[in-house]
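Here is a friendly walk through a ligand site and a pocket. Take a look at the model first, then read on.

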Amino acid sequence: MSNVARLSDTSIHDWYRHVFAYSDQIIVDLVNEFEIEDDDVILDPFNGTGTTTLTAKRLGIDSIGVDANPVAVLAGQVKTTWDIDLEEFTQRRNDLLGTVEPVFDRISAEGNVTLDSYTDTGSDETAVSLDQYDFTEPEKTPKDWLSEKPLKKMLVLRHHVDEMPADEITDIFRLAMLAILPEDVANIGFGPEAYKVSMQDDVDVYTTYRTKLDAIERDLRTTQDALEDGMAVGETEHLGGDARKVGEILQEESTLLNTDKHEGEIDYLITSPPYPAEHDYTRNQRLELIWMGVLEDNSDLQKIKKTNIRSNTKNIYVDDDDAKQTNIRENERIDTIVTRMEQIIEEEDIQHGFGQYYPRVVAEYFAGMLRHFEQVYDIMAPGGKACYVVADSGSYWQVPIETGEILEELAESRVGFVETEILPWRKVHATTGSHDGLDEEILVLTKPE
Ligand SMILES: C[S@@+](CC[C@H](N)C(=O)[O-])C[C@H]1O[C@@H](n2cnc3c(N)ncnc32)[C@H](O)[C@@H]1O
């Protein structure tokens, strides 16, 4: 049983999930509510596991997903690439599984005296050598998240996936590898932050991986059949980058937005941004980042973190100055919250620990979101609507932070959005963990005609 919360059991979404994913039902509801049509384009600037772009594609609407995390970009791309040569896929699947199975068996047998001595004597011609593999635990792997044997197997798997040609088919094998890490292989649970559970000696990585690949293949076949039967789908595009610069990114890098059909303008935006609540996306997806090969260098993690909206105390830096640049404390509500937190620090004489950074996170968070709104405004079509699924937060000494209302004020008074409203959104799937169990709401902003 997967230990990542399942928000819906629909196909393709399940190829790769994380606890902060929202339900595809939100997209379906908003598309109906605003009568979004197939000549429109939807943007999700915090696209995560690709719920928005996958759902939009299925509804026949074009969409663009942006995310600061390279794992999210890969997930979005793979989940929306359906013109895969399945014969070639099956060939590679068989080759890969055939290669790793005996190696995994050998690893499982390690420490087992009978089997070990049997293979070591060389009496078995099919004995598998482990010499070609580097079993050093990758840097940045949190302690005890992977037991020794599963760790070795995942390194073997990565070795062979990395040897495959760099193309869309291999991306499927890579995403499937990343997906099984937190779901089934690592000694972790999510609540919603990743935490360690008891160490398992060994894991059947072979069956887990094969099952994942089989599910993907099945979904692709069904989808390809539906396409042959004339199912209309939207175009999708996935880009890496910081939502605080989303306007520039789309203008410079997007092909889809700059077609005659869309003329450089976004019609709708649907997303669930971070909010100040101590969720560290780069920690929850640490293993995936490592196995994807993007944390090679010591500074790589910080580089990715710095492109994230400041929403937790493990992600705040001395040179952060969005709050200063935007004079964010001119907003009375933000100033009241920050002042209250500064008072607590003074009264309690807090000089250590994460608490000392709470006021800065709050100020930098709203300043970052303000910069994001300004960029969205620039690329939005007149009359276009932007929908943000947010939740209030009480994570910082229970000081209430009405995220939606504050963002609404900023969008209206500082950016120029109009007809702003907050719609209640009761989660259809009341899963544990997500968003602290607080009710979510949808902030809707309209760009004037
Ligand atoms: C709440 S999750 C989105 C989940 C998504 N709705 C889904 O269904 O998977 C927020 C996402 O924002 C991304 N993120 C955080 N700061 C960002 C930034 N400045 N620019 C772009 N993406 C960012 C994180 O990597 C994370 O994937």
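Predicted model: local features only at pLDDT ≥ 70, side-chain atom pairs only at ≥ 80, totals over all residues.

Residues are numbered from 1 along each chain as its sequence is written, and side-chain values use heavy atoms, with hydrogens and water left out.

Around the ligand you will find 21 residues, with T49, T51, D67, A243 and T307 the closest (a residue counts if one of its heavy atoms lies within 4 Å). By class, this shell holds 10 nonpolar, nine polar and two charged residues.

| Residue atom | Ligand atom | Distance |
|---|---|---|
| T49, polar side-chain atom | oxygen | 2.7 Å |
| S272, polar side-chain atom | nitrogen | 2.9 Å |
| Y22, polar backbone atom | oxygen | 3.0 Å |

Of the 600 Å² of accessible area that the ligand has on its own, the protein covers 99% (Shrake-Rupley method, 1.4 Å probe). The ligand sits in the largest cavity, where sitting requires more than half of its atoms to lie within 2 Å of the grid points.

Now to the largest pocket, with about 300 Å³ of space. A pocket is an open set of points on a 1 Å grid, with protein on both sides within 12 Å along at least five of seven lines, and a cavity is a set where a 1.4 Å probe fits but cannot get out; lining residues have an atom within 4 Å of a point. The pocket's lining has 13 residues, and D134, T136, P138, L155 and R158 lie nearest its centre. Helix α6 (residues 148-162) gives the largest share of this lining, four residues.

Terms used. Polar contact = N/O pair within 3.5 Å; in protein donor to acceptor, adjacent residues only side chain to side chain. Nonpolar A, V, L, I, M, F, W, Y, C, P; charged D, E, K, R; others polar. Points joined across faces, edges and corners; volume = space filled by probe spheres on them. Helix = DSSP H or I, 4+ residues; strand = E, 2+ residues; numbered from the N terminus.
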